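Please read them beside the coordinates.

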Amino acid sequence: MKKILLIHTGGTIAMEENKNTGGVNTKETHPLEATISELSDIAEIVVKNYVNLPSPHITPFHMLELASFINEQTEADQYDGLVITHGTDTLEETAYVLDLILETPIPVIVTGAMRSSNEHGSDGPYNLISSVRVACEQQSLGKGVLVVFNDEIHAAKNVTKTHTSNIATFQSPQYGPIGIVTKRGVLFHHTPLRSNRFQVKQFSKNVILLKAYAGMDGELINAAAKSADGVVIEALGQGNLPPATVPAIQELITRKIPVVLVSRCFNGIAQDIYSYEGGGKHLKELGVVFSNGLNGQKARLKLMIALEHTNSHEKLQQLFLN
């Protein structure tokens, strides 16, 4: 029987709804305890209650500490797989950071719930069971950190939360899931290309995320530049910005502050196509780094990690092409 490490970090999956006030609150006793006992036919489960935080309280420093905790636990004991329960608001960010920096070779699955433990149709127990099944699956090896939700398996790099309340919220725009969980077994239909891996001991760089809009000027960019070590901008369309932003971007690049561009669009990637002022071709010629399909929140985390190693425009551009 496989031995699976289960790490709880909090979130809706660890909460219950107060029927009198309508508020959803953290429980001291994890509501998945009953489900864990049901998993004994699937795997031997070792539970670690790491933290109990709502996911908006999770910071990149928590993510880095969690990665260290996982490395310590998997070095101290022999596990066949790992499941992390997490709040959904920042789940994709934690999963992506772990995908970039974790050293353990075993399958790592991140899951959560959209409905608290005492709501009708609570999805936490089912997602946990599915995640343990995926963690036990030999084919999960070598695919990086995976997110399992609502019978689907997603790569950490591509998955994002797409709905505020629907249990099918986690999707991978333009890529889709890499596998599914069925009553008969776990089925993978393709394997994602592995991205860069980094060794990171700290997060010392401040990276700002901004979103472009019609009529945007350089005011927000200039404000960000006062304290930022790097800036990520969710640009318009294929990677374009209003011309009034260009002087502020030029100033950042002159000061050796990297500017990474992603698209604010749900699908597609930012590219250097248009040569007008503020167009993607113009911006790339100025020294803006283009990212190959990451969303803004993940590009921010990748830049934070990358800046611990290099500030070279050429090296950053190569890193963000992968």
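**Notes on side-chain pairs and burial**

1. Asp77 and Lys3 are joined by a salt bridge in which the closest N and O atoms are 3.0 Å apart, the term being used for a side-chain nitrogen of Lys or Arg within 4 Å of a carboxyl oxygen of Asp or Glu. Asp77 lies in the loop between H2 and E5 whereas Lys3 belongs to strand E1 (residues 3-8), so the pair ties together parts that are 74 residues apart in sequence. Helices (H or I, at least four residues) and strands (E, at least two) are DSSP runs, numbered from the N terminus. Lys3 counts as buried at 17% relative accessibility, while Asp77, at 33%, counts as partly exposed; here buried means under 20% relative accessible area, exposed over 50%, and partly exposed in between (1.4 Å probe, protein chains only). The charged end of Lys3 also sits over the ring of Tyr79, 5.2 Å from its centre, where the criterion is NZ of Lys or CZ of Arg within 6 Å of the ring centre and within 35 degrees of the ring normal.

2. On provenance, this is a predicted model, in which local features need pLDDT of at least 70 and side-chain atom pairs count only at pLDDT 80 or more, although totals for chains, interfaces and linings use all residues. Residues are numbered from 1 along each chain as its sequence is written, and side-chain values use heavy atoms, with hydrogens and water left out.

3. The count of salt bridges comes to three. One of them joins Lys161 and Asp89 at 2.8 Å, N to O, and this pair links distant parts of the chain, with Lys161 in strand E9 (residues 160-161) and Asp89 in the loop between E5 and H3, 72 residues apart. Lys161 is partly exposed at 21% relative accessible area, and Asp89 is partly exposed at 44%. Glu285 and Lys281 form another, with their closest N and O atoms 3.0 Å apart; both residues lie in helix H7, four residues apart, about one turn of the helix. An α-helix has 3.6 residues a turn, so residues three or four places apart point the same way. Glu285 is exposed at 57%, whereas Lys281 is partly exposed at 35%.

4. Which aromatic pair has its planes at 75°? Phe61 and Phe203 do, in an edge-to-face arrangement with 6.3 Å centre to centre; rings of Phe, Tyr and Trp (its six-membered ring) pair if their centres lie within 6.5 Å, and planes under 30 degrees apart count as stacked, over 60 as edge-to-face and the rest as tilted. Phe61 is partly exposed, with a relative accessible area of 45%, but Phe203 is buried at 7%.

5. Nine of the eleven residues of helix H8 (residues 296-306) are buried, so the helix is largely enclosed by the rest of the structure. The buried residues include Lys302, whose charged end sits over the ring of Phe320, 5.4 Å from its centre. Among the elements covering the buried residues of H8 are helix H2 (60-76), strand E14 (230-235) and helix H9 (313-321).

6. Thr90, in the loop between strand E5 (81-85) and H3, is buried with a relative accessible area of 12%. Leaving aside neighbours within four places in sequence, Thr90 is in contact (heavy atoms within 4.5 Å) with Ser55 and Ile58.
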